[in-house]
Amino acid sequence: MRLPIYLDYNATTPVDPRVLEAMLPWFTEHFGNAASRTHLYGWTAEEAVATARKQVAKLLRANLKEVVFTSGATEANNLAIKGVFEKYSYKGKHIITIVTEHKAVLDTCHHIEQLGGEVTYLMPDSQGLIAPQQVADALRPDTILVSVMYANNEIGVIQPIREIAELAHAGGALFHTDATQAVGKLPIDMVEEGIDLLSLSAHKLYGPKGVGALVVRQGVEITAQMDGGGHERGRRSGTLNVPGIVGLGKACELAQKEMGTEAQRLGWLRDRLEKGILANIPHTFVNGNTPQRLAHLTNICFEHVDGENLLLSLKDIAVSTGSACTSASVLPSYVLKILGLTDDQAYASLRFSLGRFSTEEEIDFTLQHVLEVVERMRVGSAV
């Protein structure tokens, strides 16, 4: 068993060895530019990209022509929101989203507001869920986009996507979801669920960092945010990262085959860890505790301990207190604060996110390690 035990799979996942194996030839042997249309090197690279496009589309029940490769989900979110705003601003400038979205969506919406757009930020309940009726009430004649995260990156809550998408369409708006934490972990059908635009990132599903996609349903138009070359059917210019795209495709193929059994196994391990902590460590509770959450994640508050010292004292496990994109901030998690936690409770909350390579032995070790550290800290503080 390797220490520290990695339980921060929501921040990033290790590249699956099978993904790496698929990628390696595209760095050296098959190094062509997929946009080179005059020789075999380019044709071979273009064919590899086409295969990956099919693999991504198949996982999401989409059309391969709808897949736009990007550098990751942050770029995909920017392209979706800014692209729709610029393309459809003649119809309206109103967008609806949630206050617990990832910063890649929230900061993009703040940028839209600076351009004259209006954004309604919906407030979830204490479990992190929004009700479809909240979307219905917020819709206006000038609403052009509703953007709701599929599954929250900090607490794992899964939003009622299908119902929200139906309401958006009934109101004449498009529906976008940041599905970064859901793709490869949950079965997603873009057609059945009414998703117009979906963002994803390879490194959240055992693929490489630096590559992702925005899936844009046929008939939906977006304004490109990067100019130069007209790659990706004019929606995202830039030389394609062929090895990364091959890796993303392979990761999607593996997820298609394995996510059902993987979710069942990880749910069992998560419950073993969560129940063990709650049963053996007093003054603990789960944040956003709901049946509607990702199987591999639990976010637990440890009251009456200093959050910073807790994280530093857990030297044998790698966990986090929130989103990796805001880990440099000294502020408490804004997601947990919105759920009603105090600053001290938010600081003392840990996100345990399990993954493909997590084992029962690691979970049992983690449980014992957390128990010992928390008990020692509470004795030291006379709690």
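Biologist: How many residues line the second largest pocket, and which lie nearest its centre?
Modeller: There are 17 lining residues, and R37, E46, R53, E232 and L240 lie nearest the centre. A pocket here is an open set of points on a 1 Å grid over the protein atoms alone, where a 1.4 Å probe fits, with protein on both sides within 12 Å along at least five of seven lines; lining residues have an atom within 4 Å of a point. This is a predicted model: local features need pLDDT of at least 70, side-chain atom pairs count only at pLDDT 80 or more, and totals for chains, interfaces and linings use all residues. Residues are numbered from 1 along each chain as its sequence is written, and side-chain values use heavy atoms, without hydrogens and water.
Biologist: Which helix gives the most to that lining?
Modeller: That is α2, with 4 residues; α2 (40–60) and α8 (231–234) each supply at least two. Helices (H or I, at least four residues) and strands (E, at least two) are DSSP runs, numbered from the N terminus.
Biologist: On to α6. Which of its residues are buried?
Modeller: In α6 (residues 161–170), I161, I164, A165 and A168 are buried (under 20% relative accessible area, 1.4 Å probe, protein chains only).
Biologist: What do they pack against?
Modeller: Their partners are α5 (132–138), β5 (143–147), β6 (174–178) and α7 (190–193), by contact of heavy atoms within 4.5 Å.
Biologist: And which exposed residues sit on the face turned away?
Modeller: E166 and A170, exposed being over 50%.
Biologist: What follows α6?
Modeller: G172, with a positive phi near 85°.
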